[in-house]
Each structure stands twice: as C-alpha cells, then as structure tokens.
Amino acid sequence: MSVILVTGSYDHEIRFWEAWSGICSRTIPRAAESGQVNRLAISPDKRLLAAAIHKKAYIYEIAAAPSAGPVAIFEGHNGNITSVCFHSEGKWLVTGSEDGTIKIWDLRSSSHLHRNYDNEAPVNDVVAGRIKQWDLSENICTHELTPGGDTPIRSISLASDGSCLVAGSVKGKCYVWKINERSELPRFQAVTMFQAHTKYLTRLLLSPDVKFLATCSADTTVKIWSISPHYEFKLDKTMQGHQRWVWDCAFSADSAYLVTASSDHTARLWDMATGETVRQYNGHQKAAVCCALHDGAG
C-alpha cells in the first residue's frame, strides 16, 4: 500500500489500481447505491478514502476487505458535493457543494458536522466565482477575490509552501496571487494572469515542489507550466493522449508523475520529464471524472 491510486466514475464505481502494473486491485461495490462519484481524497495517513457521491460524503477504510462498505456517511448537503479534502492532520474533512455551503466534518465525533459556512453561490472547488479564505474559528470571510468578474472560478490550488494561490476560470484563464506574510503588504497580491486553454478549464494543480502547474481542459489536453521564482508561468509541455475531456489530476509526492482522469473512460499516468504516458488504467464503463494519488509517507 505504499502507492494508493484511486479513480471514480460516472459508472458509479470507485476503483483502486496497482500504479505500475495497471491492474485494478479493488472495486468498491455500490450496487445498492445511486449517484455518481464526483471527487476523491485520501487521508494524510493513507487510512481513509473520502468520496463525494451526489449529496453525501462516504468514508472508506483503504485497507479494508474488498467487499467492505463505508465506515461513515456524512449527510447534510442539499446539492451535489463538488469538492472534498482532508485537513493536513487528517482530523477534519471539508466538503463544498452546489447548494452554496462549505461544511467541516469531525472524523473523531459521532455527530460529525462541526461547522457550516454559507458561500452564497454554488461551490466548485470550495469556491464559486470568488475565492474566499475563511476564519475557521468564526463563520466569517476574511478575504474575497473576484478576478474574473462574473466568470465562475472552476478550480484553485494552494502552494504546498504557502507561497502562492492559483485559480482557473471556466473560460481557461489562470490567475496567480503571491501570499504575503508581512502585515504591511496585501495578504493576496495579484502577480499575473494568463490564458491556459481556449476551452473549458476543469482542474488545475500546483506540483508539490511548486515548480509546475498542471491544467486540465475540455480540449482533451493537460498542459504543464513551469514556474519561475518571480511567478512567471511558461508552457513547458502539452500532454496529449486522452480522447475526451480531462476532468482531474493528481501529482506524485516527488512531482515526477501526474495521474489524470478523462471522459474517455480511462485514467493515465504521465512521466513529467518526458510528457509521455507510462501507464493507462482501463476498466470504467463511463467517464472517469476524479482521481486521487498518495505515494508519500503515511
């Protein structure tokens, strides 16, 4: 279990894969359940998988028997859950939904729901047209950024070292802010904007080493952008191979590989150095729309 690779699909299946052989090692059975799998997240300790499925968040034990069901189900959203992520310590789960709310769930409590925030608009990636930084001790929004006007923000990524924030709009534009620690400077300082894709941008993600940005699009490509120390983004390579929309991506811990999920029913493992596909994962019967990878220390 040193490498955990999971994909979710509109076929309602969640599949675990052996990353290097391409073999599906486990399929979570959901025959009695309805709803498509929207997003996946792996806990920092590699113990739990969170799956956003329609209006609910399901928690599975990764090391459980193949036939095991969820150990917890978080209910409370009134709309499709579009985003899910674990807190860095693995004690909390955050979900965002089309119902316009962001919820924080306590994984250690039987009551689970810890806090609820009203975003006042559908949430795509814990954002919707606006990027909000919430004070988690109070239900207040401390910052609000509106880079694209009325154009919805589809995806955001925060640098692992806290140095910058990148957001991508549905029209393919990327916006970059430097995050300042010094109080005399703006907390979020806009530094650049660039057109990543001419078609719908579905997901963007900063690499763990913060040297690259990956952008996924309806144009079937994944683009890799190199990042200079002065936050200049230059197109490094365009990864081609998927036949339909690319919905999601995940980096390996060392930033050497990227996993993507596509409407062409497949997921792919890419070598960042060459831009070539090194493995393809076949098995889903409908669009593969989300993926999660954890190959770092548990």
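**Note on the predicted model: sheets, hairpins, cysteines and a pocket**

1. Strands here are DSSP runs (E, at least two residues), numbered from the N terminus, and two strands pair if DSSP finds at least two bridges between them. Angles run from 0 to 180 degrees between N-to-C directions, with axes as lines fitted to C-alpha atoms.

2. On the basis of the note: this is a predicted model, in which local features need pLDDT of at least 70 and side-chain atom pairs count only at pLDDT 80 or more, while totals for chains, interfaces and linings use all residues. Residues are numbered from 1 along each chain as its sequence is written, and side-chain values use heavy atoms, with hydrogens and water left out.

3. Within the sheet described in point 1, strand β6 (residues 56-61) pairs with β7 in the antiparallel sense over 3 bridges. Tyr58 stands opposite Ile73 in β7.

4. Strand β10 (residues 101-106) has 6 of its 6 residues buried, so it is largely enclosed by the rest of the structure. Buried means under 20% relative accessible area, exposed over 50%, and partly exposed in between (1.4 Å probe, protein chains only). Thr101, Lys103 and Trp105 point one way from β10, and Ile102, Ile104 and Asp106 point the other way; all are buried. The buried residues of β10 thus include charged side chains, Lys103 and Asp106.

5. On one side of the sequence, β10 pairs with strand β9 (residues 92-97) in the antiparallel sense over 5 bridges. Leu93 has Trp105 in β10 as its bridge partner. The hairpin of β9 and β10 has 3 residues between the strands, and Gly100 in the turn has a positive phi of about 85 degrees.

6. β10 also pairs with strand β11 (residues 113-118), again antiparallel and over 5 bridges. Here the bridge partner of Lys103 is Asn116 in β11. The hairpin of β10 and β11 has 6 residues between the strands, and His112 takes a positive phi near 70 degrees.

7. Another open sheet has 4 strands in the order β18-β19-β20-β21, with antiparallel pairing. Its edge strands, β18 (201-206) and β21 (233-239), each pair on one side only. The twist averages 20 degrees from one strand to the next. Strand β20 (residues 222-227) pairs with β21 over 6 bridges, and Val222 has Met239 in β21 as its bridge partner.

8. The count of disulfides (pairs of cysteine sulfur atoms within 2.5 Å) is 0. The sulfur of Cys164 is 12 Å from the closest cysteine sulfur, in Cys174, which is too far for a bond. Cys291 is in no disulfide either, and the nearest cysteine sulfur, that of Cys249, is 6.6 Å away. Cys164 counts as buried at 1% relative accessibility, and Cys291 is buried with a relative accessible area of 4%.

9. The second largest pocket has a volume of about 250 Å³. Of its 13 lining residues, the closest to its centre are Tyr10, Asn38, Thr82, Arg154 and Trp247. β4 (37-42) and β8 (81-86) each supply at least two residues of the lining.

How values were computed
On a 1 Å grid over the protein atoms alone, a cavity is a set of points where a 1.4 Å probe fits but cannot get out, and a pocket is an open set with protein on both sides within 12 Å along at least five of seven lines; lining residues have an atom within 4 Å of a point. Grid points are joined across faces, edges and corners, and a volume is the space filled by probe spheres set on the points.
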